[in-house]
Amino acid sequence: MTPPQDDKLTAPQMSALLACIVSTAHVDGIKPQEIALIERFCSDNAYQAPLKELIGKAGDIAHAKAALMAIKDDRAFVEQVLLMSIMTGYADGHFTDAELAHVNALGAAVGISASAMAD
């Protein structure tokens, strides 16, 4: 899967994407491989400052959930964000149970069950 082109995303979509993938990366301690993948999603200079702020602090699932809620009506994009969150978790070679629980909690916040994500 290739990352979306951020010049085609709305500001709320980009905010949700960054909040979710960074919060997922923070679950088990953000790793260099995860940072590299995240930076690929965020090549636009307009998003570099918010990205650095998110990477520099502990993951905030409440912020990520709120960002997802702002775009919840765009279910296809929300599902893509959740998939990219899983990809971010796998970037270091492991997708832990804690990361899975985190992504499931993100999905649940917008009405997407864990079983729906498994399909």
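I call a residue buried under 20% relative accessible area, exposed over 50% and partly exposed in between, with a 1.4 Å probe and protein chains only.

**Ground rules.** I am working with a predicted model, where local features need pLDDT of at least 70, side-chain atom pairs count only at pLDDT 80 or more, and totals for chains, interfaces and linings use all residues. Residues are numbered from 1 along each chain as its sequence is written, and side-chain values use heavy atoms, with hydrogens and water left out.

**Entry 1: Ser-85.** I looked this serine up and found it in helix α5 (helices are DSSP runs of H or I, at least four residues, numbered from the N terminus). Ser-85 has a relative accessible area of 0%, so I noted it as buried. Setting aside neighbours within four places in sequence, I listed Cys-20, Ile-21, Thr-24, Val-103 and Leu-106 as its contacts (heavy atoms within 4.5 Å).

**Entry 2: the core.** Next I checked the largest nonpolar core, which has 32 residues (buried Ala, Val, Leu, Ile, Met, Phe, Trp, Tyr and Cys joined through side-chain atoms within 4.5 Å). Leu-17, Ile-21, Leu-68 and Leu-82 touch the most other members. Helix α1 gives the most to this core, nine residues.

**Entry 3: α4 against α6.** I found these helices packed at about 40°, axes 9 Å apart (lines fitted to C-alpha atoms over the stretch in contact, with angles from 0 to 180 degrees between N-to-C directions). On the α4 side I wrote down Ile-61, Ala-64, Lys-65, Leu-68 and Met-69, which meet His-102, Ala-105, Leu-106 and Ala-109 in α6.

Terms used. Helix = DSSP H or I, 4+ residues; strand = E, 2+ residues; numbered from the N terminus.
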